[in-house]
Amino acid sequence: MTDFIRITRGDNPYGREVQGKANEPITVAALLDRSRALLGVRDLNYSLEAIYDRLEHNAPRIAIIGGSPDHPAHIMDVETTARAAIRIWQNGGVPFAFSTPVLCDGTAQSNVGMSYSLESRNAMTTMIVNQMEAQSYHGAFVIQGCDKQPLAAVAALAALDVTRRARGDAPVFATFAPAHVLKGGTFPDDLRADIEAAAQKAEAANHQELADDIRDNLDYVLQCTTNTQFQGIFTRAVAAGILTHDEHKAFEKRLAVNTCDSKGGICAFNGTGNSSRHVVSALGLVHPALELLTDPPNQEQINQAVDALFAICNLPEYSVSELVKANIENCVRIHSTTGGSTNLMMHIVSAFIHAGLDFSIWDYDRIRRSTAIPDLFNYSLTQSRTIFELAQQCCSGQIRGMETVMYELTRNNVPMKLTAATVTGTTWQTRLADTSNLSADGIQDNPIILSTPRRAFSGVDVLTSNFFDSAVVKISGMPDAQLNEFDTKLAVVLYFENEDDANRSLLDDGYLDSVKFNLNITHEDLLRIYEHNSGQKADARINAFTREELFDHLLHERLIKFAIVISGQGPEAYGMPEMFTPMQHINANRHLKKLAMLLTDGRYSGVSYGAAIGHVTPEAKRGGTILYLQTGDLIQSNLRARRFVLLDRQALRANGSVIENTADLATERKELGEERLRRINTRLQAVVPTNRMRDVTDASRGVVPNSVAECAHEPFADFATRNLAMAGD
């Protein structure tokens with residue numbers, strides 16, 4: 001047999017067993033039959049005998065891995081699968097196809113489905129490994145969607161590669177084909193006019209801030225996330241008598257049906273889906289022909305990726321785990337400069353652990369902080385600088401996606417691992433040697449990738465505290481003005497045991513009035529907050545204020561800050577749902593977003609921005625101090641110093657001293673903690689037992705199964721010493 005390439009390493013079960021050769025040829029033929037019919041291909045020759053021969057003689061068996069068509073990113077998978085199957089056969093391989101369920105985080109927001117979201121990442125990883133092993137596939141063509149699917153697939157294929165190589169089998173090779181970018185919706189003129197009329201009605205009724213919030217939201221590209229922002233604003237408008245319930249629902253309907261393009265894709269905001277696109281590309285796993293598209297890939301584009309895959313299928317240095325490990329620095333730095341999703345702080349860690357490295361967010365942090373990483377991503381949902389526009393710029397040949405990002409990072413003296421291999425069969429150095437259309441300066445109108453940084457820092461910061469071990473905040477999602485609003489300031493804790501309670505309060509425009517009368521917040525507390533946050537001693541006028549008058553004054557002058565704490569949202573407590581909705585309610589309220597940060601042991605959507613602190617470890621269910629906080633506690637948010645401090649209130653009241661609380665809250669508030677744990681355990685009953693997150697690491701170590709973490713034997717520090725050039729190539 002000479003008409004196809006062969007895998008030269010490891011065992012070939014199809015050569016020594018008979019049932020696979022009896023069962024699988026009909027599945028391959030059916031896939032090729034459907035592909036020919038769908039695409040109108042005539043000159044494709046195959047037979048059951050030819051398929052048998054390829055299986056017998058170890059031709060590359062390549063799984064085309066898609067997602068479920070109930071996710072917008074995967075509704076065009078059928079066509080992409082057909083094109084990939086045809087090219088795999090033409091190259092002498094054997095194409096197979098399977099899909100995994102892919103949970104849409106947008107659809108799951110603010111309902112119990114969010115408790116299954118993170119678990120679905122681990123489930124997809126398991127399913128991919130199961131199918132690849134059971135059917136003995138050598139490699140994969142992954143149709144990359146969004147949410148948890150991209151890094152779930154990376155983790156699965158990396159772990160499989162490590163195990164197969166350890167047992168002497170052939171390395172696992174793969175290429176990723178990200179779904180095209182979904183074009184954002186537009187507001188029809190009549191809908192825009194009707195929403196403006198609602199703003200005018202709010203204005204006439206002396207609800208100026210509500211009117212301003214409505215108009216602000218009209219500046220956004222219409223996405224599913226914009227619908228959530230409007231939902232919060234319209235709920236407030238109903239409460240204020242500006243809209244009726246029926247008018248609110250009519251607006252919801254008109255917005256929804258104008259949101260998504262019919263051919264689907266990954267939403268245009270720079271959330272977890274597109275951050276995953278950047279990161280998987282940075283890991284060297286995406287062929288540039290498929291990286292950033294505005295339409296599903298055509299045959300020529302898929303051919304380039306499949307042809308390159310066949311060129312590396314027998315080269316161990318291009319296996320999945322090797323590409324992942326070789327590109328660790330590139331991944332961290334591109335994730336940082338593009339202002340990446342906080343979700344990916346767990347997913348990146350998970351991928352590295354699955355690749356066999358003992359890795360945590362602290363290793364991520366050391367790479368990120370070994371050199372300054374500037375903000376080179378001028379993304380904006382209000383100024384038509386979305387990932388769709390970026391894809392347009394790439395498709396028109398003006399720039400080259402992550403190759404342009406890497407090039408501009410090197411021009412800004414950020415050391416990149418240019419000798420790292422990629423799925424093209426070449427290194428980054430070779431790819432960047434062709435400088436045509438490589439510079440970001442090629443875009444004069446509406447640039448998204450920049451050559452001159454917006455500011456000197458970007459990315460996700462890892463935080464420490466005297467009341468948690470680790471947490472993260474997307475510092476790239478906080479403009480300097482907002483950083484200044486909160487940095488070093490004292491904040492009052494407003495405690496919620498779950499997201500539902502927080503959402504109800506955050507949509508109540510009278511909520512802060514109720515806080516004013518909470519007796520846990522004393523007059524002395526307010527005086528010390530005034531003095532610290534204003535930087536001046538309270539004079540006679542301030543001292544003469546009653547407690548309620550002082551609270552109102554601090555609110556009016558934005559001198560009081562609040563830490564909205566939502567606990568009981570960690571992996572074990574409730575599956576670690578995203579706190580996107582409460583954060584959107586804060587951001588869609590021009591008054592509240594200057595006063596409140598949100599702190600949680602849950603996660604955030606990749607599109608979340610602002611003072612959103614998440615992934616707190618230890619989580620409440622594991623006895624973390626976040627379980628014992630209560631409304632009225634005081635913290636200092638040192639964002640630039642990356643440390644939060646729970647304060648000693650007695651010292652603050654006595655002489656204004658800002659010192660750490662060293663008390664054992666678990667002992668002092670033992671009964672409170674026990675009662676909250678009972679409610680956490682009761683609430684967990686809403687999640688089906690098969691899908692609860694047990695026996696997993698915490699957020700700082702990727703929330704991966706303990707069995708996976710235990711097999712990650714190689715300390716990252718040892719690997720870095722041997723393999724990584726922390727100062728660059």
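Colleague: What separates Phe-230 and Phe-234 in helix H10 (residues 224-239)?

Modeller: The model is predicted, so local features need pLDDT of at least 70 and side-chain atom pairs count only at pLDDT 80 or more, whereas totals for chains, interfaces and linings use all residues. Residues are numbered from 1 along each chain as its sequence is written, and side-chain values use heavy atoms, with hydrogens and water left out. Helices (H or I, at least four residues) and strands (E, at least two) are DSSP runs, numbered from the N terminus. Because Phe-230 and Phe-234 are 4 residues apart in H10, the separation is about one helical turn.

Colleague: Are the rings of Phe-230 and Phe-234 stacked or edge-to-face?

Modeller: Rings of Phe, Tyr and Trp (its six-membered ring) pair if their centres lie within 6.5 Å, and planes under 30 degrees apart count as stacked, over 60 as edge-to-face and the rest as tilted. The structure holds 13 aromatic pairs. In the pair of Phe-230 and Phe-234 the centres are 5.1 Å apart and the planes stand at 25°, so the pair is stacked.

Colleague: What is the relative accessible area of Phe-234?

Modeller: Buried means under 20% relative accessible area, exposed over 50% and partly exposed in between (1.4 Å probe, protein chains only). Phe-230 counts as buried because its relative accessibility is 0%. Phe-234 is also buried, at 1%.

Colleague: How many residues apart in sequence are the parts that Phe-359 and Phe-716 tie together?

Modeller: The ring centres of Phe-359 and Phe-716 lie 4.8 Å apart with planes at 85°, so the pair is edge-to-face. Phe-359 lies in the loop between strand E5 (357-358) and helix H17 (361-369), and Phe-716 in helix H33 (residues 716-723), so the distance in sequence is 357 residues.

Colleague: Which residue with positive phi follows helix H26?

Modeller: In H26 (residues 547-556), the buried residues include Leu-550, Phe-551 and Leu-554. The loop between H26 and E9 holds a residue other than glycine with phi near 60°. At 33% relative accessibility this residue counts as partly exposed, and its name is Arg-558.

Colleague: Is Asn-413 buried or exposed?

Modeller: Most residues other than glycine have a negative phi. Asn-413, in the loop between helix H19 (402-411) and helix H20 (428-433), has a positive phi of about 65°. Because its relative accessibility is 67%, Asn-413 counts as exposed.

Colleague: What is omega for the cis peptide bond that joins Thr-617 and Pro-618?

Modeller: Pro-618 is found in the loop between strand E11 (612-617) and strand E12 (634-638). For the cis bond between Thr-617 and Pro-618, omega is about -10°.
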